[in-house]
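Thanks for sending this one over. Here are my notes, point by point, to read alongside the model.

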Amino acid sequence: MGYDKKRYFAIPAAALILFFLYQNCGQGFQTTLSGSETDSPSQAISVQGPDCLFNSQKVLNGESVTAYQFPSVAPGKTCVSEVRFCTQGFLSGNYTYPVCSIGILPKVKKVSAGFQHGCALIDDRVKCWGKTLNGWYLFSNGQSSFGTPQEPKLVLEKDIQDLSVRSIYSECHIQNGALICTGDHDEEGLHHFTSRTLLASGAGKLSTSHWYVCSSTSVGLRCWGTYADLNTSQPNGFLAFSDVNLVDHAIGGNEICALTSKGTVKCLVHDRGSVLVAPRTLITTGAKQVELDQTGNGCALVGSNLSCWATSLPHPPDQGFGYRRPDGTLGTSLKPELIASNVLQFAMAQNGFTHSICVVKSDGSVQCWGNNSGGTAYPATTMLTSGALAIETLTGISGLKVILMKDGRVLTGTQAKDFVDVNLD
């Protein structure tokens with residue numbers, strides 16, 4: 001069979017032409033072009049340009065690096081960063097630090113609030129800020145100073161187990177098991193700032209009020225009064241409750257309440273150590289916090305529900321009898337009344353007849369209600385929208401508040417608009 005020579009050679013010739021075009025015009029094209037040598041912006045180009053330097057390290061042309069504005073920031077703050085790109089030897093952006101560290105917040109175990117000063121128990125140290133009502137500031141080891149320091153000051157350096165700040169006893173703490181209070185110890189309010197050891201050893205959880213201080217001990221709850229005659233006649237205090245398994249206790253007016261490990265709340269009425277009304281049970285089980293105001297009205301947190309009751313020694317409403325509900329109305333029940341739910345922690349005012357209560361809600365918000373300093377009743381007002389873990393206040397809705405945040409920060413102020421971070425570094 002014959003064949004066509006022209007047709008036979010045409011097939012490999014066509015293949016050679018296609019192969020040449022593929023090598024020189026298709027994906028196999030290897031020639032490098034500069035920007036001035038091509039008019040096609042869509043042409044795939046690989047440019048080999050100069051590299052960049054950042055923090056003495058090479059950044060290749062076309063690559064990027066993360067840089068920070070500052071090498072470190074305070075606890076609770078955020079490191080600000082930017083991405084810097086290397087293009088033909090030029091590094092975009094301005095930030096100069098390759099790493100940024102966030103300061104570690106000190107471990108705040110407890111916060112406490114006085115009239116115009118607050119304190120924080122940090123690990124085993126105490127820092128305080130602000131001033132007391134009469135202008136004196138920072139009471140520790142018998143020392144006092146006058147003024148309004150803006151920055152917290154270290155007042156107790158080590159081995160502190162508990163702390164409480166209240167009005168007359170301006171500062172009480174437990175150090176290596178000893179109960180020590182510094183402040184005014186006479187009834188007339190002459191403000192003799194002295195430091196006294198009320199219990200040399202064996203002191204446990206601490207609570208204070210306008211007139212009294214109590215501590216759990218191996219034999220029960222022992223209390224002392226700030227009155228000069230009580231301190232003279234009963235220097236060792238008096239035994240309020242013989243229970244030895246107390247997880248919380250509170251003092252207010254002539255009332256003393258104790259919370260047992262079983263969640264039972266019981267209260268008694270005393271007068272300088274003499275029991276006037278025998279202990280009565282307010283909450284049978286499930287309570288985890290108890291507080292009293294200056295007149296002796298009380299509240300307890302049972303689960304996430306807040307229940308309150310009026311003092312068993314009646315007073316006219318204008319002299320502090322009763323408790324305020326969140327809607328601003330006055331409650332006078334002698335038995336616990338449920339007034340709020342979804343509560344994480346709460347505090348009651350310990351000054352005057354304000355009926356004030358502040359709560360940290362389960363969502364981290366803070367609400368306060370009660371009377372202001374002029375006596376006007378206010379319904380629940382949001383002081384903080386989120387992030388709170390615990391609050392302490394001596395003066396209620398219109399006074400100083402100290403708030404421990406979930407992230408470890410501490411805020412202080414009177415209203416949402418003036419809350420500021422306390423520098424505890």
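1. Cys308 is buried, with a relative accessible area of 0%, and Cys299 is likewise buried at 0%; here buried means under 20% relative accessible area, exposed over 50%, and partly exposed in between, with a 1.4 Å probe and protein chains only. The two are joined as a disulfide, S to S 2.0 Å, the term standing for a pair of cysteine sulfur atoms within 2.5 Å. The torsion about their S-S bond is about 105°, so the link is right-handed.

2. A word on the basis: this is a predicted model, in which local features need pLDDT of at least 70 and side-chain atom pairs count only at pLDDT 80 or more, while totals for chains, interfaces and linings use all residues. Residues are numbered from 1 along each chain as its sequence is written, and side-chain values use heavy atoms, with hydrogens and water left out.

3. Cys358 and Cys368 also form a disulfide, with S to S 2.0 Å. This pair links distant parts of the chain, Cys358 lying in strand 33 (residues 357–361) and Cys368 in strand 34, 10 residues apart; strands (E, at least two residues) and helices (H or I, at least four) are DSSP runs numbered from the N terminus. The link is right-handed, with 110° about the S-S bond. Cys358 counts as buried at 0% relative accessibility, and Cys368 is buried at 0% too.

4. Thr376 sits in the loop between strand 34 (366–371) and strand 35 (377–384). Why does Thr376 count as partly exposed? Because its relative accessible area is 44%. Leaving aside neighbours within four places in sequence, Thr376 is in contact (heavy atoms within 4.5 Å) with Gly370 and Asn371. The C-alpha atoms of Thr376 and Thr354, 22 residues apart along the chain, are separated by 8.9 Å.

5. For the overall picture, the protein chain has two helices and 39 strands. Of its 425 residues, 46% count as buried. Among contacts with a separation of 6 or more, 46% come from residues 24 or more positions apart.
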